[in-house]
Amino acid sequence: MLRLHIYLLSVLFCVASYGDRSIASETNKSVNSFVFNAGTYTEFYNQVQIDTTGRLKEFDRAPTVGFGMKIPLKHEFSFLPEMNWVLPRKSGERVVKNVFFFRADLGYDPMEWFRIRGGTSIAWLNQQGGGGEEIINNGNSTSTFYYPTENRSSFNNTIDLGVELLIKKISLRFQTYTFSALEPRRRQISYSIFISYYWDR
Amino acid sequence: MKFFILMLFISQTVFAWTLNNNFTGSFKDNRVDVFIDEGTVCSTNMMTPDELQSLIEPALDNFWNKVPTSNLRLKDAGFSEHIDTINQGRLCSPTNETCIQDGINAGNIDPLKGLIPAVNDIVIACNSNPLNFGGNNVLAVTIPNKYSGKKIVGALILINDSSNVFGGLSRNDQIGVIAHEIGHALGLGHSKENASLMYYRTVEQRKRLGQDDIDGISFLYPMKGDLYGFSENGLMASCGTISMSKNPPPGNPPFLPMGAMLFLMILGFEVFRLFNRPKTRPSS
């Protein structure tokens with residue numbers, strides 16, 4: 001099972017290379033478009049408390065940008081590697097949080113204007129502490145609490161599904177990322193909404 | 001249109017998690033057991049050890065064990081061997097010499113009111129010594145009281161049994177309080193965000209962790225590649241340390257690794273394209 005992620009990525013690349021040969025003779029291009037994304041990222045849908053009444057987060061405006069490619073395969077399939085970056089969020093210069101996704105999707109276009117995407121990502125959460133301390137309420141009095149001084153990262157493998165509406169060179173995409181898919185207790189779904197621009201080579 | 005773009009780029013996420021020590025102390029192992037002292041007495045709060053123990057599993061599974069970006073695995077481990085001083089004794093931070101001396105002195109007069117010894121993992125008990133709490137309305141205190149270097153080895157959570165405030169809470173609030181104290185035991189400090197579990201007081205309704213709690217626990221116990229949840233130390237485990245540098249300037253994202261991976265991705269595809277060029281045939 002240690003090789004599962006590498007195996008999945010390999011399968012996607014093999015499919016890409018097989019399809020590419022047949023398409024390449026028609027188009028003379030392996031990468032036929034570069035894709036630029038902008039959108040939002042919502043982390044852990046319905047699992048993060050956002051107020052004192054117990055309301056849970058359904059949507060977050062965390063701005064996200066990305067860059068990718070479209071490699072046509074046989075029939076209506078395409079291989080869609082990309083990288084997305086949830087722009088830094090910070091609080092008082094103390095801790096800065098970045099999230100990156102390194103993604104590989106297989107796309108299927110049942111219609112000219114519609115694409116279904118399935119794939120996998122490495123999700124990289126990076127937090128950088130700026131150090132320092134702060135006096136915060138501690139019940140009957142106050143106490144000093146501390147901000148970290150280090151830089152640490154978490155890496156997760158996610159299973160991703162998405163749908164995309166294509167209008168000429170622009171597309172609107174809803175993309176989900178399932179964290180800990182094989183561990184029900186920890187399984188969480190995050191999602192992005194993207195507007196993408198396809199720049200044809 | 002301008003409004004839409006502006007709203008898009010203003011994140012509503014605010015986070016301000018803190019640590020309860022200045023050296024980023026956390027448990028060395030990501031697997032931490034949570035015990036109830038088997039001889040604890042919660043007479044003022046009118047709770048049996050079994051009732052107290054029944055709060056542990058939801059406190060772990062509804063909160064700290066639900067974070068996929070953290071490799072922390074907390075386990076409801078049942079009851080631990082009874083510590084004589086746990087019900088009335090003095091709980092002190094290992095660095096608080098005055099408190100330790102007071103505890104030793106009190107123990108010379110009444111052994112049951114002496115210093116509570118250091119523990120392994122996390123131990124929860126009721127305690128009726130008012131000196132451990134800042135006042136009657138303080139629900140509980142937590143002190144990681146055993147360290148190995150900068151790593152926490154054990155922490156004690158004491159429920160305030162000198163008043164009946166904890167026993168008067170709803171079961172959901174009691175679970176929230178236990179989960180909050182476990183957060184301290186793991187190394188987290190208070191958050192200023194009232195949506196966070198690590199906010200200093202109970203809130204109207206506590207259902208899940210807040211964003212601060214998730215980010216804080218992911219920082220202290222980061223996941224190093226989970227293979228879709230199959231392994232807690234999978235794909236990236238061989239990379240060893242997760243610390244990239246000791247004191248990076250805040251606000252500076254890791255452009256170098258990001259750029260390097262992007263470059264490798266593009267390079268890979270260009271090489272791939274080169275080797276898959278269609279053969280040109282002479283026209284007849």
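Which residue takes a positive phi near 90° in the hairpin of S6(A) and S7(A)? That's Gly139(A), in a hairpin with 4 residues between the strands. We'll come back to that spot below.

## Getting your bearings

This is a predicted model, where local features need pLDDT of at least 70, side-chain atom pairs count only at pLDDT 80 or more, and totals for chains, interfaces and linings use all residues. Residues are numbered from 1 along each chain as its sequence is written, while chains are lettered from A and ligands numbered from 1 in the order in which they are written.

A quick word on confidence: pLDDT is the predictor's confidence in each residue, from 0 to 100. Chain A has a mean pLDDT of 86, with 84% of its residues at 70 or more. Over residues 17-28 of chain A, pLDDT stays under 50. For that stretch the model has 22 contacts beyond four places in sequence (two residues are in contact if their C-beta atoms, placed from the backbone, lie within 7 Å).

## Two chains, two patterns

Chain A has 1 helix and 10 strands, and along the sequence they go α-β-β-β-β-β-β-β-β-β-β. Chain B has 7 helices and 6 strands, running α-β-β-α-α-β-α-β-β-β-α-α-α from the N terminus on.

Of the 201 residues of chain A, 46% count as buried; for chain B, it's 46% of 284 residues. The cut-offs are simple: buried takes 20 or more other C-beta atoms within 10 Å of a residue's own, exposed takes 12 or fewer, and partly exposed is in between, with C-beta atoms placed from the backbone. Among contacts in chain A with a separation of 6 or more, 53% are between residues 24 or more positions apart. In chain B, 71% of the contacts between residues at least 6 apart in sequence join residues at least 24 apart.

## Strands of chain A

Two strands pair if DSSP finds at least two bridges between them. Strand S1 (residues 33-42) of chain A runs antiparallel to strand S2 (residues 62-72), joined by 9 bridges, and Thr40(A) sits opposite Pro63(A) in S2(A). S1(A) also pairs with strand S10 (residues 188-200) of chain A, again in the antiparallel sense, over 10 bridges. There, Thr42(A) has Tyr191(A) of S10(A) as its bridge partner.

Now back to the hairpin from the opening. Strands S6 (residues 133-137) and S7 (residues 142-146) of chain A are antiparallel and share 5 bridges, with Glu134(A) partnered by Phe145(A) in S7(A).

Asn46(A) lies in the loop between S1 and S2 of chain A. Its phi is positive, near 60°, although Asn46(A) isn't a glycine. Asn46(A) counts as exposed because it has 12 C-beta neighbours inside 10 Å. Further along, Leu73(A) is in the loop between S2 and strand S3 (77-91) of chain A, and it counts as buried because it has 22 C-beta neighbours inside 10 Å. The C-alpha atoms of Leu73(A) and Pro88(A), 15 residues apart along the chain, are 35 Å from each other.

Over in chain B, Asp121(B) has a positive phi too, near 55°. Asp121(B) is part of strand S4 (residues 121-127) of chain B and, with 21 C-beta neighbours inside 10 Å, counts as buried. For background, most residues other than glycine have a negative phi.

## Helix H5 and the cores

Helix H5 (residues 171-186) of chain B has 16 residues, so at 1.5 Å a residue it should span 22 Å; the expected span is 1.5 Å times one less than the number of residues. Its end C-alpha atoms are 23 Å apart, which agrees. In H5(B), 13 of the 16 residues are buried.

A nonpolar core is a set of buried Ala, Val, Leu, Ile, Met, Phe, Trp, Tyr and Cys residues joined through C-beta atoms within 7 Å. The largest one has 66 residues, and Ile122(B) and Ile124(B) touch the most other members. H5(B) gives the most to this core, with 7 residues. Beyond four places in sequence, the contacts of Ile124(B) include Val34(B), Phe35(B), Leu52(B) and Ile178(B). A second, separate core has 16 residues, among them Tyr41(A), Phe100(A), Ile122(A) and Phe179(A).

Notes
Helices (H or I, at least four residues) and strands (E, at least two) are DSSP runs, numbered from the N terminus.
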